[in-house]
Amino acid sequence: MEIIKVSHFYKSFAEKTVHEDVNFSVNNGECLGLLGGSGVGKSVILRSLIGLERANSGSIRIDDEEITSFNENEFTKIRKKVAYVFQHGALFDSMSVFDNLAYPLIEHTSLSSDEIRERVTTLLSDFNLEGSEDLLPAELSGGMQKRVGLARAIILNPKVVLYDEPTAGLDPANTIIIQELILKLKKSGSTAVLVTHDIDTALNVCDRICLLRGGKIINIGSLQQFKSDKNKLVELFLKEEK
Amino acid sequence: MKRKIINFLNFVGGIYTFSKQCLQEFAEHSVSRQLLIAQLQNVGVKSIPIVLIVSSSVGMVMALQFGIGLEKFSGKLYIPKVVTVSILRELGPIFAGLMFAARVGSGITSEVASMVVTQQIDAIRALGTSPIQKIVLPRILACLISLPILTVFANIIGIMSGLFVGSLDLGLPTSYYMQKIRTSIILADYLSGFGKTFFFALFVSIPACYLGLHTKRGTRGVGSATTTAVVAACTLILIGDYFLTKFFWIIESWK
């Protein structure tokens, strides 16, 4: 069953067209990777799925709801089921790690402070972040910031998680940790859309891969199809990125 | 030139839409008390020293200048009234407003713009909350509460500084100065200046938040947004002061 369906998606900024007639869908429990070089607009698609950018035309359906005409208030209910993991964590720098994680729970649940503390502590332990609850984001390493960002995004148990370059700028060890966390969430049944230009991460965690170039999807298919496709552009991209 | 006019009209239209949006959200949701208190501390309490320093300086300079000027016409006895009325009606609110624009307006814009650049504003939205509720309204309300209070402090310190110079440098007896302040100042002198501060608070906080939230071009944009916010706030305060003075003058003449 499709949980995300994007049809005839067009997006431009001023006179620059970023996307023309982009079509794809994501099934429940599936992880779709959006791959492409820098500047092809991968993040624009991801941001449009949660209303941080607006499509110029076309349709975006999330969980059977057409979201392109939603206002900010209507997006609130979508944003409770669709989480966004930002490339650089986007942690609130005036709040501690604990307060960053507690923020969605305080805003959207009626949990008591003890229950919030318990939930945050459990999540910190799941993400190997024990002992960092009182630290400020500026005191964390890049890898830790990404993990806190991921933990904050999934604390409300969303149906869909959107990852924007989750492994960009990380060393191999932290890349593996993030990949394992994404796989763990996938096993728990959450649907994911992962934007990356890191082919290894895409090959390790995605079920299907969608290749973008020049504002269009030039290839979409399963991992096996993707690996065996002889499309010249794919080859070019692989050469370019490797 | 054409581009500058378009940018200016965009700014005016943007401020209008943004203010409407803020009013709507203010009417629909309550503002977090915790966030408001934090902003009162940032915006209000931390502005006390600079506002007091400036207002004491203004009070002393005013007394001295009027003292020198009026002495030529044997009008030294009018110094208490002239200085006090000037401070209450114009100089207290104006200087408090300008200092507030410089300190608070720049602070708000640079903070909010940095949050835009580091995607914290996007994160607030992505987590299903509103940046207007969480960031903008606490700051606007804190400005609306703080600036009138700061102006009261500025007025008191300004008048006391005038008294200090009047009695120490100009040889006016303290008791005479105090008596003149009590007898020659009417409530309208005080209210017309005090009333302006609510408008000044809006002139500082709304453009500051708007420009911060609409920052573009990364960290370079933070600097230019901050400069624009301070220039816009100071200009609005100074130009707005004329119309507000006229507005309060009309109200006074109705009585």
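Predicted model: local features only at pLDDT ≥ 70, side-chain atom pairs only at ≥ 80, totals over all residues.
View 1. The rule finds eight residue pairs in polar contact across the interface of chain A and chain B, with both residues at pLDDT 80 or more.

View 2. Side chains of opposite charge can pair when their charged atoms come close. Three salt bridges are found by the rule across the interface of chain A and chain B.

**View 3. A salt bridge within chain A, between A:Glu30 and A:Arg208.** Over all chains the structure holds 22 salt bridges, and among them is the one in which the side chains of A:Glu30 and A:Arg208 meet at 2.5 Å, N to O. A:Glu30 lies in the loop between strand E2 (16–27) and strand E3 (31–35) of chain A, whereas A:Arg208 lies in strand E9 (residues 208–213) of chain A, so the pair ties together parts that are 178 residues apart in sequence.

**View 4. The helices of chain B.** The secondary structure of chain B comes to nine helices and zero strands, and from the N terminus on its elements run α-α-α-α-α-α-α-α-α. The C-alpha trace of chain B spans about 65 × 45 × 40 Å along its principal axes.

**View 5. The largest pocket, with lining residues from chain A and chain B.** The space in the largest pocket comes to about 1,400 Å³. Its lining is made up of 44 residues, of which A:Glu72, B:Gln21, B:Ile121, B:Arg125 and B:Pro131 lie nearest the centre of the pocket. From chain A, H2 and H3 each supply at least two residues of this lining, as do helix H1 (2–28), helix H4 (79–117), helix H5 (120–126) and helix H6 (131–168) of chain B. H1(B) gives the most to the lining of the largest pocket, with seven residues. By class, the lining of the largest pocket divides into 11 nonpolar, 20 polar and 13 charged residues.

**View 6. The second largest pocket and the helices of chain B that contribute to its lining.** This pocket has a volume of about 1,200 Å³. Of the 35 residues that line the second largest pocket, B:Phe11, B:Ile15, B:Pro207, B:Tyr210 and B:Leu211 lie nearest its centre. At least two residues of the lining come from each of H1, H6, helix H8 (187–213) and helix H9 (218–254) of chain B, and the largest share, 12 residues, comes from H1(B). The lining of the second largest pocket has 23 nonpolar, nine polar and three charged residues.

**View 7. The largest cavity, with residues of both chains close to its centre.** By the rule applied here, the count comes to five cavities of 30 Å³ or more, and about 90 Å³ of space lies in the largest cavity. The largest cavity is lined by 13 residues, and the closest to its centre are A:Arg79, A:Ala83, A:Ala153, A:Leu156 and B:Leu127. H2, strand E6 (82–85) and helix H5 (142–154) of chain A each supply at least two residues of the lining, with the largest share, three residues, coming from E6(A). The lining of the largest cavity divides into 10 nonpolar, no polar and three charged residues.

**View 8. The second largest cavity and its lining residues in chain A.** The volume of the second largest cavity is about 40 Å³. Its lining is formed by A:Ser48, A:Gly51, A:Glu53, A:Arg54, A:Ala55, A:Ile60, A:Ile67, A:Thr68 and A:Phe75. By class, these residues divide into four nonpolar, three polar and two charged.

Technical notes
Residues numbered from 1 in each chain as written. Chains lettered and ligands numbered in written order. Heavy atoms only, no water. Salt bridge = Lys/Arg side-chain N within 4 Å of Asp/Glu carboxyl O. Polar contact = N/O pair within 3.5 Å; in protein donor to acceptor, adjacent residues only side chain to side chain. 1 Å grid on protein atoms, 1.4 Å probe; cavity = no way out; pocket = protein on both sides within 12 Å on 5 of 7 lines; lining within 4 Å. Points joined across faces, edges and corners; volume = space filled by probe spheres on them. Helix = DSSP H or I, 4+ residues; strand = E, 2+ residues; numbered from the N terminus. Nonpolar A, V, L, I, M, F, W, Y, C, P; charged D, E, K, R; others polar.
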